[in-house]
Amino acid sequence: MSRESLARATNSKNMEMESGITHDVDRLAAAAGGDTLGGLLLRMREGAQARWAKRVILILANRIREKHKLTRSIAEKTAMAALEEFLAPHCTVCRGARVMVVEKVKIVCEGCGGTGLQRFSNTTRRQNIGTYGSRIEGAMADAHGQMSDALGAYLSHAAVRLK
Ligand SMILES: [Zn+2]
C-alpha cells in the first residue's frame with residue numbers, strides 16, 4: 001500500500017472522531033481474550049489494506065501514546081510508519097530471497113547483506129514521522145512488538161479454534 005493511500009485512509013479529522021471509539025473496541029477485544037489488532041493485521045497482509053489501515057493505526061497509536069509520552073499526532077504518525085514497515089518487511093532488492101544465484105554461483109544480496117529484510121534508516125523514519133529521536137525509536141520498537149505479538153496471538157488463537 002502506498003504512503004499516499006495510507007495517508008488518505010487516515011485523514012486526521014476522521015481519526016480524531018473515531019479515536020475514542022476504537023480505544024473501547026480494543027479494550028473489549030482484549031477482555032474477550034481475542035486480539036482485534038492481530039485479526040486486522042492478518043487481513044491487511046492478505047490485501048485488504050486501505051479498509052483496515054485507519055483502525056490499526058488508531059489501536060497502535062493508543063497503545064504507544066501514553067507509555068512513550070507522545071502527542072496524539074506524533075503517536076499516529078509513528079504508528080503509521082511502523083505499520084508501513086510491517087507491511088513491507090522484505091528487502092526491495094532481493095524481495096526477501098537473501099541470495100541471488102547467477103550461473104550456479106550464490107551471491108549474497110548487497111541490498112540487505114543477506115538478511116532478506118528491508119532496513120529502515122533513521123533518516124527515512126524522520127521523513128515519515130516528521131521528527132525522530134530516542135523516544136520515538138522506543139515507540140517504533142514497541143509498535144513493531146505489538147504487531148508481531150498481536151499477529152502471533154491471533155494466529156495461535158485461530159489454530160486452536162480449527163482443531
Ligand atoms: Zn536483499
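Predicted model: local features only at pLDDT ≥ 70, side-chain atom pairs only at ≥ 80, totals over all residues.
User: What is the span of α4, and what is it set against?
Analyst: With its 17 residues, α4 reaches 23 Å from first to last C-alpha, which is close to the 24 Å expected at 1.5 Å a residue; the expected span is 1.5 Å times one less than the number of residues.

User: Why are α3 and α4 called roughly antiparallel?
Analyst: The axes of α3 (residues 36-45) and α4 (residues 49-65) cross at roughly 150° and come within 9 Å. Axes are lines fitted to C-alpha atoms, for helices over the stretch in contact, with angles from 0 to 180 degrees between N-to-C directions. Angles over 145 degrees count as roughly antiparallel, under 35 as roughly parallel, 65 to 115 as roughly perpendicular and the rest as oblique, and α3 and α4 are therefore roughly antiparallel to each other. Their crossing is left-handed, a word used if the near helix is turned anticlockwise from the far one by less than a right angle, with right-handed for clockwise.

User: Which residues make α3 meet α4?
Analyst: From α3 come T36, L37, L40, L41, R43 and M44, and they meet Q49, W52, R55, V56 and I59 of α4, a contact being two C-beta atoms, placed from the backbone, within 7 Å. By class, the residues of this contact are seven nonpolar, two polar and two charged; Ala, Val, Leu, Ile, Met, Phe, Trp, Tyr, Cys and Pro count as nonpolar, Asp, Glu, Lys and Arg as charged, and the others, Gly among them, as polar. On the side of α3, the buried residues are T36, L37, G38, L40, L41 and M44.

User: What makes α4 oblique to α5?
Analyst: The axes of α4 and α5 (residues 72-87) come within 8 Å and cross at roughly 120°, and that value makes α4 oblique to α5. The crossing is right-handed. On one side of the contact are A53, V56, I57, L60, A61, I64 and R65 of α4, and on the other R72, A75, E76, T78, A79, M80, A82 and L83 of α5. These residues divide into 11 nonpolar, one polar and three charged.

User: How do you know that T71 is exposed?
Analyst: T71, in the loop between α4 and α5, has 9 other C-beta atoms within 10 Å and is therefore exposed.

User: What makes the phi of R95 and of K104 worth noting?
Analyst: Most residues other than glycine have a negative phi. Phi of R95 is instead positive, near 55°, in the loop between α5 and β1 (99-102), and with 12 C-beta neighbours inside 10 Å R95 counts as exposed. Phi of K104 is also positive, near 65°, in the loop between β1 and β2 (105-108), where 5 C-beta neighbours inside 10 Å make K104 exposed.

User: Why does L117 count as partly exposed?
Analyst: L117 has 16 C-beta neighbours inside 10 Å and therefore counts as partly exposed. It is in the loop between β2 and α6 (122-129). Leaving aside residues up to four places away in sequence, L117 touches P89, H90, C91 and C112, and its C-alpha atom is 4.4 Å from that of H90, although the two are 27 residues apart along the chain.

User: How many helices and strands are in the chain?
Analyst: There are seven helices and two strands, in the order α-α-α-α-α-β-β-α-α, where helices (H or I, at least four residues) and strands (E, at least two) are DSSP runs numbered from the N terminus.

Key. Residues numbered from 1 in each chain as written. Buried ≥ 20, exposed ≤ 12 C-beta atoms within 10 Å, placed from the backbone.
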